[in-house]
Amino acid sequence: MSSSPQSLNLLGEIAGALASGAVRIVDLTQPLSERTPVLQLPEPFANTPPLSRRDLSRYDDAGPAWAWSVLELGEHTGTHFDAPIHWITGRDGQDVASVPPERLIGPAVVIDKSAEAAADPDYLLTVDDVRAFEAEHGPLPEGGWLLLRTGWDARADDQDAFLNVEDGRSRTPGPDAECARYLAHETAIVGIGVETVGTDAGSAGGFEPPFPVHGYFLGAGKYGVTQLANLAELPPTGSIIIVAPLRLVDGTGSPARVLALVPSTSASPT
Ligand code: 23J
Ligand code: MN
């Protein structure tokens with residue numbers, strides 16, 4: 001068996017487009033450090049620690065020619081992936097290691113609610129918003145990822161601005177409960193990506209059901225990705241996303257490198 005000339009040509013064309021700049025790679029990953037913001041749940045719930053690390057050696061007696069360190073971090077730290085078993089609705093589903101790689105690469109669509117979120121940090125994405133997007137751009141793609149742009153990535157180097165807590169409530173945008181149900185159960189996407197600390201809105205602990213994006217997506221065997229950057233560089237449709245969590249056995253989630261392949265407008269024909 002050999003690959004068809006057509007498929008060989010297709011990958012060759014992609015390599016050529018990357019080399020020429022006709023297709024660009026956009027890094028959708030936030031830098032991961034001790035300063036990376038982490039979720040803060042209210043009492044009595046446990047919280048994830050921020051990243052910390054200690055040196056094993058740094059070109060010193062413990063390792064004269066090498067530097068390396070040990071990390072402590074939550075599975076759900078920084079730009080990260082939510083696997084189905086993260087949520088009780090998906091407890092019999094996939095851990096991170098079991099997610100088929102085909103589900104981690106697919107078409108991306110971007111719904112831009114950055115103006116709405118700037119005017120109202122509690123902005124909730126609705127089914128009508130998604131239907132309006134679909135009326136303009138076509139149905140959400142099979143095996144694809146819906147990326148919600150809110151402008152929140154600009155706050156990611158400052159925990160207070162990122163979590164935006166006022167009177168004990170985190171004021172960050174996200175889908176409402178009906179929208180989460182619609183996306184998980186009535187569209188062909190496999191995942192949702194957001195710029196905020198979690199796939200659910202800051203106020204979603206008080207929704208019915210609580211944390212509906214987590215409940216509906218992970219319960220449906222779908223996925224989430226958080227704390228994305230640079231969504232402003234993606235077109236509404238026409239890019240491809242690559243989500244690369246660690247293949248962590250029994251992992252409920254994992255920090256991930258997330259990349260997009262984007263057609264370069266300057267290099268596009270005519
Ligand atoms: C646990 C409980 C609530 C939430 C989360 C985790 C996350 O956002 C997460 O990182 O999955 S909202
Ligand atoms: Mn998570």
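Gln 227 is buried, with a relative accessible area of 2%; buried denotes under 20% relative accessible area, exposed over 50%, and partly exposed the range in between, with a 1.4 Å probe and protein chains only. The structure is a predicted model, in which local features need pLDDT of at least 70, side-chain atom pairs count only at pLDDT 80 or more, and totals for chains, interfaces and linings use all residues. Residues are numbered from 1 along each chain as its sequence is written, and side-chain values use heavy atoms, with hydrogens and water left out.

Gln 227 also has a positive phi of about 55°, although it is not a glycine. Gln 227 sits in the loop between strand 12 (223–225) and strand 13 (239–245). Helices (H or I, at least four residues) and strands (E, at least two) are DSSP runs, numbered from the N terminus. Phe 211, likewise not a glycine, has a positive phi near 45°. Its relative accessibility is 25%, so Phe 211 counts as partly exposed. Phe 211 belongs to the loop between strand 11 and helix 6.

That loop, between strand 11 (191–194) and helix 6 (212–219), also holds Pro 209. The peptide bond from Glu 208 to Pro 209 is cis, with omega near 0°. A cis peptide bond also joins Glu 43 and Pro 44, where omega is about 5°. Pro 44 is placed in the loop between strand 1 (23–27) and strand 2 (52–60). Most residues other than glycine have a negative phi, and most peptide bonds are trans.

Helix 5 spans residues 177–186. Its buried residues are Ala 177, Cys 179, Ala 180, Tyr 182, Leu 183 and Ala 184. Their cover includes strand 6 (124–125), helix 3 (127–137) and strand 7 (145–149). It also includes strand 10 (174–175), strand 11 and helix 6; contact means heavy atoms within 4.5 Å. Asp 176 caps the N-terminal end of helix 5. A side-chain oxygen of Asp 176 lies 3.3 Å from the backbone nitrogen of Glu 178.

Helix 1 (residues 5–20) gives the most to the patch, with four residues. Leu 10 lies in helix 1.

Definitions and conventions:
Chains lettered and ligands numbered in written order. Polar contact = N/O pair within 3.5 Å; in protein donor to acceptor, adjacent residues only side chain to side chain.
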